[in-house]
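Student: Here is a model I would like to learn to read. Please start with its charged pairs.

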Amino acid sequence: MNTAKIFSDQLDHCYAIMRLENNDHDFLVVASEEEEPCFAYDLNDNFKKISVWNDVGGTMTMIQIPGTLNFLATQKFYPGFNSKNCRIVKETFNGTDWDQSIVGDFPYVHRFDLIQHEQGLWFIGCSIANSKKNVDDWTNPGKVWVGDYNDESEEVDNLRDLDFTLTKNHGYKNMGNYSLITGVGGVYRVDYPTKESDWKLTQLVAVETSDIATADINGDGKDEYLTIEGFHGPYTRIYDSNFNTLYKSEQETPFGHAIWGGKIGSKQYFVFGYREGKQDLELINFEDNKINIQLVDNQVGPSNATVYEKDGIQYIFSANRESDEVAVYKIIDSE
């Protein structure tokens, strides 16, 4: 498989990314983790750049409101992880750009999601801590917050924290019928509430884990799990569907961060990138029961990456934070 960079733009400390598509509109959205802008690039108009907001930034997560071109985003998650002033805003598409309103203050919330169900939208948010004296203070663990997102009032109703502590949360993965969250305690499965039961958390792995992605990279019909082990590394591990280890990196992968899994062409791959060392953006799969790592780009330091398809062609969309570059790579000759 070959890749070619087809688009590049500059954004200081670019971090959060999202594909935002509905009806005839189609955008790539990227936001900075510093006091910098958020931009949308129109995929139907040769990457025409639209400013979503001009400053504030500190954006860790952006989530589309289903069936719309509106989305929620965190802001003010700075400095570093000492983010007591973090908030969530709503961006409402007006046909040209977006209008902002404030949903509320959500101190230290790093990842959040909206879960669609028959009665509406559940909110789930993971805070990286509950309070901090400084960036390196982890003595007051974070929480898992849940509630009901009310789009009419633009508020989260019935917000409460679950009886659970979450230290150094960084990763989150929506699996469709449940979610995965990660932290010092390992990997946890979060089951959504039913008429018979409340939100439920189950520990799947007890190894400290920063981030997680899933893909069937060995073609056995079951998902494998790529994890960044430790907080931002320094190792990566691939588990089978039962969380038995298939692979663990021998050399350190400093500041592992960008992580995605899914189908490219006829096969499944992981996309992985790290922000220190070689700062590579890579494609990972299994061939003959051996790990195969292919370089997409080097010395770019990606924070987040995803794969999307447009007009039958697949692309990698990457926020190359350490080089302040928003990049799109065309996937050529996929198998």
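Student: Which side chains meet K248 or E229 in a salt bridge?

Tutor: Side chains of opposite charge can pair when their charged atoms come close. The cut-off for a salt bridge is a side-chain nitrogen of Lys or Arg within 4 Å of a carboxyl oxygen of Asp or Glu. Here the side chains of K248 and E229 form one, at 3.3 Å from N to O. K248 belongs to strand β21 (residues 245–248) and E229 to strand β19 (residues 224–229), so the pair ties together parts 19 residues apart in sequence. Strands are DSSP runs of E with at least two residues, and helices are runs of H or I with at least four, numbered from the N terminus. E229 also pairs with R237, at 2.5 Å from N to O.

Student: What is the numbering, and what kind of model is this?

Tutor: Residues are numbered from 1 along each chain as its sequence is written, and side-chain values use heavy atoms, without hydrogens and water. The model is predicted: local features need pLDDT of at least 70, side-chain atom pairs count only at pLDDT 80 or more, and totals for chains, interfaces and linings use all residues.

Student: Is E229 buried or exposed?

Tutor: Buried means under 20% relative accessible area, exposed over 50%, and partly exposed in between (1.4 Å probe, protein chains only). E229 is buried because its relative accessible area is 9%, while K248, at 36%, is partly exposed.

Student: How many salt bridges are there by this rule?

Tutor: The count is 17.
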